[in-house]
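Please read them with the structure open beside you.

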Amino acid sequence: MRIKHIETFILSDQLSESFFFSQWSYSERQICIVKITTDNGLSGWGEGYGPAPIIEAGIKQLTPILLGQNALEQEKLWFDMYRKTLDFARRGVLVASISALDIALWDLKGKAFGQPVSVLLGGQQRKRIMPYATGLYFSKSDKLASDLAVEAASYVKQGFKAIKMKVGLSIEIDVENIKTVRAMIGKHIKLMVDANHAYSLREAAELSRLIEPYDISWFEEPVSPEFYDQYRQLRSKTSIPIAGGECEYLRFGHHQLLKNESVDILQIDICSAGGLTEAKRVAALASTYGVEIVPHTWGTGIAFHAAMHFIANLEAIPGRLMSPEFYIEYDRTENGIREVLTTPKIEMREGYLKVPTGPGLGIEVNEEAIHQFRKS
Ligand SMILES: [Mg+2]
């Protein structure tokens with residue numbers, strides 16, 4: 001089963017209303033996806049997380065390494081791509097290009113064997129996953145706190161049992177927003193906060209102290225991702241679990257977070273940190289530190305399904321009869337591409353998603369939608 005074609009697609013969609021978080025605002029969604037076709041006519045899909053034109057350029061750079069190779073040998077191909085690029089791109093967006101190609105190879109392998117990716121990763125440890133709603137971004141509204149509370153209530157109504165909101169505007173505004181949202185959703189819904197590394201250690205510690213009464217399940221990226229030691233220090237100052245990792249690459253980057261005791265929850269992004277092949281290694285590494293993984297997930301149904309298969313395969317550590325909940329990040333902000341690119345549609349039942357059972361990633365990609373959103 002030799003690799004015959006590799007095609008990239010940049011898809012973009014203008015948002016009806018821009019939204020922002022602590023770092024910048026979004027006015028469009030743009031994504032790079034990749035299709036690998038083999039000489040027996042099978043095709044697999046992958047997606048990269050990061051600036052789409054750069055991911056596309058990276059995939060074009062990597063393509064000659066893969067063409068003509070046996071698509072089933074994805075670990076060997078991963079290493080070939082890594083070895084031939086590490087001199088100039090050990091970290092960063094070229095790893096997202098490797099990630100997209102790696103996910104497409106797993107999709108292909110699943111289709112070739114007629115098995116879901118989660119089974120090929122080693123087996124489905126669970127049949128259902130709990131999605132948490134990612135939303136509650138900022139707007140220029142003069143009644144931001146109450147707008148956020150209304151949005152949070154809509155997620156509860158849809159059946160979500162966990163919700164993540166943005167923080168990082170200012171400590172005062174954050175506390176007001178959290179207080180209003182918590183009052184609206186009641187005490188039984190899990191609530192997480194994400195600063196996207198907006199704060200200094202002093203500020204993050206102060207915010208943690210002020211929001212502890214609101215039962216926060218984790219504080220994500222409180223400080224800058226380079227400051228591994230500050231993450232550790234913050235953990236010693238607060239009872240709120242600390243999460244991070246979406247800006248790390250490869251097992252080497254995630255190892256920094258683990259060995260520095262920086263996080264309670266590790267948030268690898270499969271579409272940027274090295275694909276499913278590397279995510280599986282990071283999971284093994286995290287298990288040696290007893291650290292839980294809840295991947296960062298953003299983008300289309302391709303990225304989301306890759307994460308579902310990965311999470312389905314994660315070991316519960318410690319093992320016990322009544323397994324803890326396994327979460328998946330489910331972005332609920334506007335994304336016209338995500339809505340139509342893949343089938344079947346993601347359906348939540350009683351607050352859970354079923355682990356996909358179809359071959360490969362378990363999705364069909366709608367090529368008409370590609371035509372509709374294609375930029376290059
Ligand atoms: Mg985040």
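1. Helix α1 (residues 52–66) lies across β1, β2 and β3, and its direction is at about 170° to that of β1. Helices (H or I, at least four residues) and strands (E, at least two) are DSSP runs, numbered from the N terminus; contact between two residues means that their C-beta atoms, placed from the backbone, lie within 7 Å. Axes are lines fitted to C-alpha atoms, for helices over the stretch in contact, and angles run from 0 to 180 degrees between N-to-C directions. Helix α3 (residues 93–113) lies across β2 and β3, running at about 150° to β3.

2. Please keep in mind that this is a predicted model, in which local features need pLDDT of at least 70 and side-chain atom pairs count only at pLDDT 80 or more, while totals for chains, interfaces and linings use all residues. Residues are numbered from 1 along each chain as its sequence is written.

3. The strands in question form an open sheet of 3 strands in the order β1-β2-β3, with antiparallel pairing, where two strands pair if DSSP finds at least two bridges between them. Because β1 (3–20) and β3 (43–48) stand at the edges with a single partner strand each, one side of each is left without a neighbour in the sheet. From one strand to the next the twist averages 20°. Strand β2 (residues 25–38) is joined to β1 in the antiparallel sense over 13 bridges, and K35 in β2 is the bridge partner of E7.

4. In helix α2 (residues 74–83), the buried residues are Q74, L77, W78, M81 and Y82; a residue is buried if 20 or more other C-beta atoms lie within 10 Å of its own, exposed if 12 or fewer, and partly exposed in between, with C-beta atoms placed from the backbone. They cover an arc of only 135° around the axis, which puts them on the same side of α2, the arc being that of the directions from the helix axis to the C-beta atoms. The buried residues pack against α1, α3 and α10 (275–289), whereas K76, F79 and R83 are exposed on the other side of α2.

5. In helix α5 (residues 144–158), L148, A149, A152 and Y155 are buried, and they lie on the same side of α5 because they cover an arc of only 115° around the axis. Their cover includes β4 (128–134), β5 (162–166) and α6 (171–185), while the face turned away from the buried side carries the exposed residues K157 and Q158. Just after α5, G159 takes a positive phi of about 110°.
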